[in-house]
Amino acid sequence: MFFPYVGGVTGEQDVGAGGSGNGSLLIYGLGRSGRGVARFLAAEGTWAQWHDARPSAEDLALMDRLHYGRGDVGSAYWTVVAAPGVPIDHPDLERLRGRGAEVIGEVLLAARLRPALPIVGVTGTAGKGGTTVLIASLLRACGVRAREGGNIDPPLLDVVDTAQVAVAELSSFQLERAAGLRLPVAVITNLGVDHLDRHRTVAAYHAAKLNITAGQQAGDVLIVPEGLEVSTRAEVLAFSPARLVLRSGQQVLPAAELPDSIHPANAAAALLAAEAMLLRLGCPVQAEVLAAALRAAQPQRGRFETVAQVGGVRFTDDSIATRTIAVQAALERAKPPIAWLVGGRDKGADLAPLREAAQGRVKTVIAFGEDGEKLARELGLPFVAVSGADGDETMRAAARAGLEALGTEGTVLLAPIGTSFDQFRDYVQRGDSFRRAALALVDVADAADPEARA
């Protein structure tokens, strides 16, 4: 089987029909990303080996079905496709490079094997998922067969053969193994601080994020927030959450008309990105179509989503908000007074900007989980600590305490700062638990006042 351009040199390369050694390919790390790579390669008729220190039952079942065997990290490979969860300087990857392998990720693999497919890349410390989904939604509203993937479900390689345009959410982990990636349209939503346990320094983290534009050339477009200066060969367009406009300055929609769950900054960036791609495709840019699509935009699960309401009190799930910049945005958007649910496992977020954002808006903090009380004390705000035998019981206590603190109006806001891993599998499971707890309180309120339901 010939596999063009994977090994990093121009021309075709024989990846072999079995065994290891030069000419073969290794999938390093399975999970969601690695399984997507394996499915894609199998559909291409390409043989590969795999390595994972702790493969799941799902991983092993797929490898068996595809007839992919275990690889040997001591052998030589042309190409190693490494999952984003594997540090780029992992000793195994260094060893493989030393034997001549090029180490890439699924994003660069997709770009090389589908060179005709336009990809819009989106990165940032916060807001990249919401912006990715919005761009794809705007393009679909304009008649373009756009599909989103990458760091959000599904993996990018699962969508490349059904999309006219792929819109990819790109994490710093994905971008650090995407050297030379050229994107016709790229978006940086913002640059804050995150993943220092992986990148070690803010400079290294930002450098990984900025790989999104490293391969861009004249004629490509980079979209950034106003005030962010980036060295690039692409045309730079700046967005502001105060203005939902096209590049000409034409207003598409007043920010006040956006659904509550859609952040104006995400919408502003998405408009410019969708317009840039429409122009590249030679498609008309119709402001009224884009405006209608923004008005109809739906929130992403667990990302500033209003999940219930009791009287004048909203319950807003922003379970994914563990980065300072994301939590700050949630506090600024939520309708005060706010009962702020804080907890989970502390990952060392900078709390100073959050203290400022909370002033005059947060009535009380509801502290929950492993480090909730610690975080509340460090914030220096009034708080009530709750607990439970498990995550669901804890979340029921937190939602109830939030409603009791507010009374008749305001927002019970889950923007927890801490990660979910103390009591939940992930942020989605934590958010679902909050949703169930809030809906149970709706049922209680309805039972107490049947006329309210009518």
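1. Ile135, Leu139, Ile223, Val252 and Leu294 touch the most other members of the largest nonpolar core, which has 42 residues. A core here is a set of buried Ala, Val, Leu, Ile, Met, Phe, Trp, Tyr and Cys residues joined through side-chain atoms within 4.5 Å; buried means under 20% relative accessible area with a 1.4 Å probe, protein chains only. Helix 9 gives the largest share, 12 residues.

2. This is a predicted model: local features need pLDDT of at least 70, side-chain atom pairs count only at pLDDT 80 or more, and totals for chains, interfaces and linings use all residues. Residues are numbered from 1 along each chain as its sequence is written, and side-chain values use heavy atoms, without hydrogens or water.

3. Beyond its neighbours within four places in sequence, Ile135 contacts (heavy atoms within 4.5 Å) Val120, Val122, Val167, Val187, Ala270, Ala273 and Ala274. A separate core of 40 residues includes Leu25, Phe40, Ala48 and Ile212.

4. An open, mixed sheet has six strands in the order 11-12-16-13-14-15. Strands are DSSP E runs of at least two residues, helices H or I runs of at least four, numbered from the N terminus; two strands pair if DSSP finds at least two bridges between them. Strand 11 (305-310) and strand 15 (383-385) are the edges, each with a single partner strand, so one side of each lacks a neighbour in the sheet.

5. Strand 14 (residues 362-368) and strand 15 run parallel, joined by three bridges. Ala367 has Ala385 of strand 15 as its bridge partner.

Technical notes. Buried < 20%, exposed > 50% of the residue type's maximum accessible area, 1.4 Å probe, protein only.
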